[in-house]
Amino acid sequence: MKNVWQRMRWLAVCLMIVCGMTAAQASDSGPSTQDEQGVIKLTFLGTGAPRPSEKRSGPAILVEAGPHRFLVDAGSGAREQMFRSGGWELITGLDTILITHLHYDHMIDVPDIAMTGWMYGRRVPMTVYGPKGTKDMSRHFMKALQWDLDMRRLVGIPMEGSNIVAHDIKPGVILDKDGLKITAFEVEHMPIDAETEEPLPFYGQTLGFRVDYKGRSVVFSGDTRSTPKSQLLVHGKDVDVMVHEVQVPSPGDSKEAKLANMSLSVHTTPAQAGYIFQQTKPRMAVYSHIIPPDTTGEQLVAETKPYYQGPVTTAEDFMTITIGAGIVIGEQARSGTHVFEKSSVVKD
Ligand SMILES: [Zn+2]
Ligand SMILES: [Zn+2]
């Protein structure tokens with residue numbers, strides 16, 4: 001573990017040098033306290049995709065802006081990454097999850113996070129926003145949990161906060177409250193015929209999100225292929241930080257390479273992402289949801305550079321990005337309480 005953290009620190013220092021910042025600016029220990037100036041902090045809990053990886057957990061990004069705190073996606077391992085990052089306080093204190101779409105790598109940890117947070121102290125329901133189908137998904141999760149919940153009710157566990165309140169959202173402003181505005185927009189991740197590129201008839205929708213808070217902004221691409229019609233070109237224009245998914249084609253014609261490359265039709269290569277960055281000109285572009293998970297940051301940046309020469313960063317698990325007057329890349333210090341008996345998270 002130590003080596004991982006050492007590598008992270010080294011990486012963060014390198015990136016700060018690239019961005020013209022000093023190591024002192026990056027010391028980073030928990031939520032920002034500078035909300036009156038407008039600061040958004042991102043903590044990359046998971047930067048991978050469906051394929052298991054020792055380095056990249058399933059997609060999940062913690063967003064903190066003043067008093068607001070929520071997850072964008074809850075992929076496999078998100079609960080453990082939350083605990084490592086923010087201890088019991090984060091597990092029991094988080095009550096909002098935004099889901100970009102219903103592929104399992106983006107939502108499989110919703111019930112785990114909802115149940116664990118409730119059982120150990122949260123007394124409000126878990127609220128989940130996602131595209132059409134999110135309400136159904138949540139109802140099915142609750143159905144699957146029925147035996148567990150019934151038994152806990154029987155033995156006297158307080159049930160308040162044990163449910164999931166889900167909202168099927170449409171493109172548009174989904175929240176505008178206390179300085180925080182969240183806008184959902186459609187992205188191009190629905191199935192297409194790989195040869196003709198014509199859409200295959202299928203239900204539902206896939207979303208990206210733009211978050212604005214007191215003059216700072218971040219856009220999450222969700223999973224998306226990239227075309228000149230991409231809504232990212234509209235909602236990502238002049239954004240502070242654009243977090244974009246990426247897939248590098250796997251070489252060779254092994255069965256594994258062929259299976260991996262099947263998804264290229266609904267994902268974005270570094271060259272295509274470079275086009276999006278060039279058009280939108282974010283203050284910083286960031287890759288996350290990285291396919292394959294062992295792709296290096298150096299490789300992604302090298303493949304992007306011919307198409308975009310601005311700042312590009314590759315997120316790693318537990319990397320933080322603090323968006324204020326400057327954009328500071330750091331590493332999430334382990335915060336919160338990790339001993340349950342000393343956590344004081346259980347409410348009456
Ligand atoms: Zn995905
Ligand atoms: Zn997907």
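**Labels and their cut-offs**

Modeller: Strand S1 (residues 40-46) runs antiparallel to S2, and 6 bridges link the pair. One caution: this is a predicted model, where local features need pLDDT of at least 70, side-chain atom pairs count only at pLDDT 80 or more, and totals for chains, interfaces and linings use all residues. Residues are numbered from 1 along each chain as its sequence is written, while chains are lettered from A and ligands numbered from 1 in the order in which they are written.

Biologist: What makes S1 and S2 a pair?

Modeller: Two strands pair if DSSP finds at least two bridges between them. S1 and S2 have 6 bridges, so they pair. Glycine 46 stands opposite alanine 60 in S2.

Biologist: What makes a stretch a strand or a helix?

Modeller: Both are DSSP runs, numbered from the N terminus: helices are H or I with at least four residues, strands are E with at least two. The chain has 10 helices and 15 strands.

Biologist: Why is strand S2 called largely enclosed?

Modeller: A residue is buried if 20 or more other C-beta atoms lie within 10 Å of its own, exposed if 12 or fewer, and partly exposed in between; C-beta atoms are placed from the backbone. In S2 (residues 60-65), 6 of the 6 residues are buried, so the rest of the structure largely encloses the strand. Both faces are covered. Ala60, Leu62 and Glu64 are on one side; Ile61, Val63 and Ala65 are on the other.

Biologist: Which strand forms a hairpin with S2?

Modeller: S3 does, with 2 residues between the two strands. Glycine 66 in the turn has a positive phi of about 55 degrees. S2 and S3 (residues 68-72) pair in the antiparallel sense over 5 bridges. Isoleucine 61 stands opposite valine 72 in S3.

Biologist: What is the order of the strands in the open sheet?

Modeller: The sheet has 8 strands, ordered S6-S5-S4-S3-S2-S1-S14-S15, with mixed pairing. The edge strands are S6 (164-168) and S15 (327-331).

Biologist: What makes them edge strands?

Modeller: Each pairs on one side only. S6 pairs with S5 (residues 126-130) in the parallel sense over 5 bridges. Methionine 126 has isoleucine 164 in S6 as its bridge partner.

Biologist: Why is histidine 289 called buried?

Modeller: Histidine 289 has 32 other C-beta atoms within 10 Å; the cut-off is 20 or more, so histidine 289 is buried. Histidine 289 is found in strand S12. Its phi is positive, about 55 degrees, although it is not a glycine.

Biologist: Is glutamate 197 buried or exposed?

Modeller: Glutamate 197 has 10 C-beta neighbours inside 10 Å; the limit is 12 or fewer, so glutamate 197 is exposed. Glutamate 197 lies in the loop between strand S8 (180-186) and strand S9 (207-213). Glutamate 197 also has a positive phi, about 65 degrees, without being a glycine.

Biologist: How much of the chain is buried?

Modeller: Of its 348 residues, 44% count as buried. Helix H9 (residues 270-280) contributes several, including Ala273, Ile276 and Phe277.

Biologist: Where is the cis peptide bond?

Modeller: The cis bond joins isoleucine 291 and proline 292, with omega about -10 degrees. Proline 292 lies in the loop between strand S12 (284-291) and helix H10 (297-304).
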